[in-house]
Amino acid sequence: MTSELDIFVGNTTLIDEDVYRLWLDGYSVSDAVALRVRSGILEQTGATAAVLQSDTMDHYRTFHMLERLLHAPPKLLHQLIFQIPPSRQALLIERWGYYAFDEAFVREVLGKKLSKGTKKDLDDISTKTGITLKSCRRQFDNFKRVFKVVEEMRGSLVDNIQQHFLLSDRLARDYAAIVFFANNRFETGKKKLQYLSFGDFAFCAELMIQNWTLGAVDSQVDDMDVDLDKEFLQDLKELKMLVADKDLLDLHKSLVCTALRGKLGVFSEMEANFKNLSRGLVNVAAKLTHNKDVRDLFVDLVEKFVEPCRSDHWPLNDVRLFLNQYSASVHSLDGFRHQALWDRYMGTLRGCLLRLYHD
Amino acid sequence: MPGKLKVKIVAGRHLPVMDRASDLTDAFVEVKFGNTTFKTDVYLKSLNPQWNSEWFKFEVDDEDLQDEPLQITVLDHDTYSANDAIGKVYIDIDPLLYSEAATVISGWFPIYDTIHGIRGEINVVVKVDLFNDLNRFRQSSCGVKFFCTTSIPKCYRAVIIHGFVEELVVNEDPEYQWIDRIRTPRASNEARQRLISLMSGELQRKIGLKVLEMRGNAVVGYLQCFDLEGESGLVVRAIGTACTLDKLSSPAAFLPACNSPSKEMKEIPFNEDPNPNTHSSGPSTPLKNQTYSFSPSKSYSRQSSSSDTDLSLTPKTGMGSGSAGKEGGPFKALLRQQTQSALEQREFPFFTLTAFPPGFLVHVGGVVSARSVKLLDRIHNPAFVGIMGNTRSYKLLDWNSFNSDEPETRDAWWAEIRQEIKSHAKALGCHAVVGYSESTSICEEVCILSASGTAAVLNPRFLQDGTVEGCLEQRLEENLPAGCGFCHIPYDELNMPFPAHLTYCYNCRKQKVPDVLFTTIDLPIDATVIGKGCLIQARLCRLKKKAQAEANATAISNLLPFMEYEVHTQLMNKLKLKGMNALFGLRIQITVGENMLMGLASATGVYLAALPTPGGIQIAGKTPNDGSYEQHISHMQKKINDTIAKNKELYEINPPEVSEEIIGSPIPEPRQRSRLLRSQSESSDEVTELDLSHGKKDAFVLEIDDTDAMEDVHSLLTDVPPPSGFYSCNTEIMPGINNWTSEIQMFTSVRVIRLSSLNLTNQALNKNFNDLCENLLKSLYFKLRSMIPCCLCHVNFTVSLPEDELIQVTVTAVAITFDKNQALQTTKTHVEKSLQRASTDNEELLQFPLELCSDSLPSHPFPPAKATSVDYSSFADRCSSWIELIKLKAQTIRRGSIKTTVTVEKASPMGEGNFRNRSAPPCANSTVGVVKMTPLSFIPGAKITKYLGIINMFFIRETTSLREEGGVSGFLHAFIAEVFAMVRAHVAALGGNAVVSYIMKQCVFMENPNKNQAQCLINVSGDAVVFVRESELEVVSTQQPTANCQPSCTGGEVTT
C-alpha cells in the first residue's frame, strides 16, 4: 500500500509556525520530519511518524505555493486563493521571516554584486556558515528582488522597501543598507573588516544614505538614496588642502591640541599621530572620486584611523573627544573655505568611525 | 422580454504576462450571455487593466436567465495572430432573480482557465431588471428559492412542507463526442463546464416549476448530482423538498439562536394559525407578495377538504386499532390516517430534510434503503452529434426531441427504487421517508443506484394547510412525553416486519421502543441524550472478478446483500463497543470498481435515554476443548469489555441505574398475551416465552469460527479513539456538546492509495482500507490540534475507485472549537436531570414492561432480492433493503408519540448552550473579506440574517505538466484551493460572508503519470448567506435600534 496522493486544504490556510521556520531554513521534508520528531512532538500529540510525514509534506506544498506570492507581498494581501487572516499574513512575511536573514549570511554577501556570479558562490557560503543552501538561495534572492524593485525608484529607499515588501521599519532599514552596499559595492570581506558586524555597516549605510546621496540634497531624483552624490564626491578633493597646506595642517593641529590638552588620556599619542590621522581622513575623502576607492572606503577607514588608534589603546571616549574637536576646529581655520562640504563629510564620517571603533 | 441583464467590466488585476517581450499584457474582455457577445476596449500594456466599461445590456427571457450562465472571457489582444484566452469567469445570475436575495453581484472574481488554473482577477458588476410576467404558461420559475440546507433555513418558518420534488436531465458528454478528438483539451473542458452549467440551470428551473405547481415557494434540502456515464452520456439529477416558507418577522430575527438549528421555530406560535391564508398568516413579506403574483389566476384556496373527509372515515383501516394498546390508541390511529391521507396524495412521500420543525416528526421507524444495479446502454443518436456545434443545441429541450426515450429510462430506474423505498417504509408502519437521499456509483458500464432514508410518521400539520383541529392538538400535547416520542415504534408490535427486541420506553414508560435505532436524520434537538456522541464507521472491501456487462452486473448484484449485511454487523458491533444504542446521520456508500466493491458507512452513535442500555458483546469459540484457544477467547473478551468500559467513560455515558432494576424482570402482561392469540402469527406466542428465558440482557454474541471472524474482532478493536480534546460526528451538531465558540475551520482532505496487486485478498484489502481511513482521521486530528478542544462535525467520507488498484477517499468536514469547562457543567446538569426524571417516572408508573421478540415471521414481507433478469436493458438486481438485513440479525424500530414545544426549553441542552454562547467572548477577527465555509447549516456564535442564493459550481482542471505542478498532490491541492477561492469570491460578490451547507458532491480525479497528465472534476454547492456575530447583534439592538447593522442586510430584518 503506497500513498499516491495525500492532501489537506483548509478554507483558512493552516500554517504551522515551526514547519514554516524549518522550510525557511531550507530543510528537506525528511530532515524537517526528523527535526520535528526530535522536538518531541510525537510524544506530545500521540501522532505517528507517518502522520508527521504527511503533515510536513502538506505544509511544504502549501509554502511552495505561497512562495510566489511572498515574492511580492502586496499580492499576498489581495490574492484570493489562500484565505489567511491579516495578522497571519504579517507573520509570514516578517516576524516568522520570509524576509528575515541570517547575520552570518548577510556578512558574506554584503557589498557584493547581486549577480549570478555571486549566486554561484552560495555553495561555499553555505558550507562556511552552516546555513543550508536553500536558505542561502532564498536570502540571496530576497536581496536581489528587493534591489531590483527599488533600485530605480523615486523617493526614500526605506519607504519604498516598506511599501513594496510590507516590511517593518527596522527590517526595511536593514534592506536599505543591503541595497545601498550592493549598489556601491563597498568591500566588507577583507580580513581586517571581519570584526565588524552587519549592524555596524547598516549604521554607516544609514548615515551615508542620509547625508552623502543625491536624496540628501534633492528628494525628486531617481535612485536618490542608492547612488552617492557624485558632485559631492568630486568636491571632496577640495578638502585636500587641509593636509597639503602645511600651515593649515599645523594650525589645525594646534587648535585641536590646545582644546584637548588635559582632557585626553592618550594626549601625547594623539599629538604625535595627529598629522598621520588627519592625512588619512582627508585622503580618504579626496580619493572618493574613483569608484574603486569608494569600494575600499571601509578598508581605508579601518587602516588609516581605527587601527592606528587601536594600537595606541585609545579609549572610545577619547576617540569621540578627538573627532569632535577635529571636526569643529576646522571652522576656526580662516584660510579654509569649504566649511559646509567639510561638515557634510565629517559629520557622517565621525558617526561611522565611532561605530567602527571597537574590537 | 421579461428581463434585462446589465454587466459592467470594471478592472483586472494580477493578470499573467502574455507578451514575453514586454512582460505585459494587452487585455480585453468578452461578455457573453446566450448568443449575444459584447467586447471591451483593449487595455494596452498592463497587468492591472482599468476597462471601466459601459453597461452591457442583454434583453432576455427569464427562462434563459435561469438556464444560462453569464460568461466572461478575458483575452490578450494580438495584432498578428489569434487572441490568446487568459481565462474565464462563469457567473450564475440565479440569485438575482428572486427579490429577497442579492440585488447586485459585484466584486473580484478569479479568472479561471482549465489548463492553468486561476490567472488574475476581474472586477465585474452584474444587475438584473425583471419585469413581471403574468403568462401562466411560461417555462420559467423565477422566484422559487433554493436551499441546500437540509432543515428549514434559519430566518424562515415553514408554513407548509409540500414534499418531494425531483427531476433529471440527460445529455451527451462533450468529452465523448467525435469533435473532442480534434479540439484542444481546453475547448473540451470549457464545453463540458458550460454544458453542465446550462443543464443545472435548466434542472433548477424545471424543479422550480414543479414547486410552483405544488404552490410552494422554495426548495429546501436541494441536492443536485452529476452522473458521468461516459459514453452513454451525462445525467444531471436533483431532488429536494418543496416548501412554502415565510420570512420570519423581526422579533424572531433577533434571537441569539443558532446552536439549535430550529431555535427560532420554537418562538413561533405554530398552532396559532397553521393555515397560510393570505390574510391571516402573519406579517406579509415581499416574498409572499411575489409568490402570489406568479400565480394570480389561482387563489390560495385550501388545498382540499380531504382531511375532513378522512376524519369522518376513521375506521377505514385496522392498522392501528389493535396494536396501539394504550390510551393514545384511537387517537393515534386518527393521526396516522390523517398523515396518511396527506401523504397519499403524493407519489413519493419523501423529504430530503434531516432536521425538522418541532412537532413535525412523530415517530421514526428505522432506515430504509434500496439499491439497484443497472447496465448503462450506449444510446448514441447520430442525428444529435451533428448539431452540437450550435450552442443552443446544448439545451436539453432539443436533446429531448431527438432522443426522447433516454431521460425516461433514467426516470424509470429511479421511480422503481423510490417505489421500493416507499413500500419498505410502509412495512415499518410509516407513511413517509425523511432524511432521504440518492446516489450512484458508476464503473464502466455498470451503475449502482442507491437510495436511503428513514421511515417516519409525520405530523400532518405541516404537510397541508389547516388540517389539524385544536382539540387534537391539545390531546397530543397532553399525552405525549418529550424527548422520547420519536423513538416509539410506529408499527404494530404484533405484526412486526422483522424480529425486534422491544421494551417500554426508558423515558416515559408508556410506549414501546426498540433496543437499537438507526436513522439517516440528524438527532432531533429535543431528544434526551446521555453523554456525548461519536463517529462510527463500518468499512468493507470485497474483491470481485473482472467481468463484462451482464456477468459483471450479476456478480455485483450477488455481492451486494453480503456487503450490506456485513456493513450492518460492523456498525452494530462498533455501536455496542461504544456502549451506545442509536445511530444518526447514517450514510452507506457502496462503490463499484473494476475488481472490487467498497462499502463505507458513517454515522454518529449516541446513547438515547429512551432506549435500553445496550448489552455487551460476547465472544464464543467454536472449539471449546482447546485450552489455549479458550484462553485466547477469554483474553479477547476481556479486551472487549475493557474497551466498552473505557468508551463509556470517554463519552460520559452514565445512564441512570435505577431504571435497570425496575425494568430488570419483565413480566408478560396478560392483556398482551390475549392479543397475541388474536394476531395471525401463531408462533409468536412461543417466541415470547423463549425470549423471556433469554433474559433481558441481549448480549451480542460473536462466534469466532474461522479466521475471518477473528479478523473482524481484531478490526473492531483497532479503531483508535480520537485524542483527548477531540470529538467527531457526521451530523450537524455533536450530541452532548453545545457551547460552541466561534472558531471554525472547514477543510477537504483527499487521499489516494495504490494497492500492490500481490496481496489482493479480502483481508488485506480490508486492512488497507481500514488503515487508510484511520490514518486519514489521525492526520486530521494532528493537523487541527491547535483548535483543541474541538469537534469535527459533519465528517463526510466519500470513496471512489478511480482505477484498478487505486482507492480514493475524500473527506470534507468542519472543525469547531468549544468551551470545555462549560461543556462539563452542562452534561452534569443534564445527567442529573435525566436521573431525576427517571426516578419520578419510576414512582409514577407501575406498568410492567414487556419484552417481545417474534423471531420467526411466517413469511417475509418482501421477496428477497430478485435474481438477475435476462433482459439486461433493465438489468437489475435490487439489493435487499435494510429490512431484510435486520431480519437476519438485528433490531431496530420505534413507535410512539409526539413531543411538545412546551417542554423543549427544559429538556434540551441546547437552550443552555444558547444562553452560554451569548456570553462567550466575541470573535476578534471578523475582518471584511473573510468568507467562512461550513458544511453545517449554521455558524456558531452568529446569526444568519439573509440567504443570498444557492451556489452550485462545477470546475474541470487539467494539466499536461503534472510533474512541474508538484505531482498529483500539488495539482489537486492547488485545484481544491482554487475551487474554495472561487466559491468565496462568488459569495463575496453577492454581498455574503459565508457559505453554509457546503458540500463537495464530486471530486473525480484521473491521472496518467506516464503522459505527465492529470484531470480533475469538482462539483460543489452550498447556500450563500450573510451572518452577523451575536455580539455585534446585541450591540446593534441595544445601542442603535433603528440603524442597519450591516450594509448588506436589509433594515427590516435587523431593526426593531
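In this predicted model, B:Thr934 is tucked away from solvent: the residue is buried, with a relative accessible area of 1%. B:Thr934 sits in the loop between strand E29 (932-933) and strand E30 (942-959) of chain B. What surrounds this loop residue? Apart from its neighbours within four places in sequence, B:Thr934 is in contact with B:Ile744, B:Met746, B:Val814, B:Ile939, B:Val995, B:Val996, B:Ser997 and B:Tyr998.

B:Arg957 forms a salt bridge with B:Glu978, and their closest N and O atoms are 3.3 Å apart. Since B:Arg957 belongs to strand E30 and B:Glu978 to helix H23 (residues 967-989) of chain B, the pair ties together parts that are 21 residues apart in sequence. Both B:Arg957 and B:Glu978 are buried.

Other charged pairs in chain B are worth a look. B:Asp67 and B:Arg205 form a salt bridge with 2.9 Å between the closest N and O atoms. This one links distant parts of the chain, with B:Asp67 in helix H1 (residues 62-67) and B:Arg205 in helix H2 (residues 185-213) of chain B, 138 residues apart. B:Asp67 is buried, at a relative accessible area of 2%, and B:Arg205 is buried too, at 1%. The salt bridge between B:Asp642 and B:Lys638 (3.3 Å, N to O) has another setting: both residues lie in helix H13 (residues 627-650) of chain B, 4 residues apart, about one turn of the helix. An α-helix has 3.6 residues a turn, so residues three or four places apart point the same way. Here B:Asp642 is partly exposed, at 38% relative accessibility, while B:Lys638 is exposed, at 52%. Over all chains, the count of salt bridges comes to 48.

Turning to chain A, the secondary structure comes to 21 helices and 1 strand. The C-alpha trace spans about 90 × 45 × 35 Å along its principal axes, and 51% of the 359 residues of chain A count as buried. Of the contacts in chain A with a separation of 6 or more, 70% come from residues 24 or more positions apart.

Helix H9 (residues 122-129) of chain A shows how one helix is packed. Its buried residues are A:Leu122, A:Ile125 and A:Ser126. Seen down the axis of H9(A), these fall within an arc of 100°, so they line one face of the helix. On the other side, A:Asp124, A:Thr127 and A:Lys128 are exposed. The cover over the buried residues of H9(A) includes helix H7 (103-109), helix H8 (116-120) and helix H10 (133-150) of chain A. After H9(A) comes A:Gly130, with a positive phi near 80°.

Where the chains meet, the contact takes 35 residues from chain A and 48 from chain B. About 3,700 Å² is buried between them, with carbon and sulfur atoms giving 60%. The interface of chain A and chain B holds 5 salt bridges, one of them joining the side chains of A:Glu4 and B:Arg754 (3.1 Å, N to O). On the chain A side, strand E1 (2-10), helix H3 (41-45), helix H4 (49-70) and helix H5 (73-78) each supply at least two of the residues that touch chain B. By class, that side has 15 nonpolar, 12 polar and 8 charged residues. Finally, a network of salt bridges links A:Asp16, A:Arg36, A:Asp55, A:Asp58, A:Arg61, B:Lys783 and B:Arg785.

Technical notes:
Residues are numbered from 1 along each chain as its sequence is written. Chains are lettered from A and ligands numbered from 1 in the order in which they are written. Side-chain values use heavy atoms; hydrogens and water are left out. Contact means heavy atoms within 4.5 Å. Buried area is the accessible area (1.4 Å probe) that two parts lose on being put together, summed over both. A salt bridge is a side-chain nitrogen of Lys or Arg within 4 Å of a carboxyl oxygen of Asp or Glu. Ala, Val, Leu, Ile, Met, Phe, Trp, Tyr, Cys and Pro count as nonpolar, Asp, Glu, Lys and Arg as charged, and the others, Gly among them, as polar. Buried means under 20% relative accessible area, exposed over 50%, partly exposed in between (1.4 Å probe, protein chains only). The arc is that of the directions from the helix axis to the C-beta atoms.
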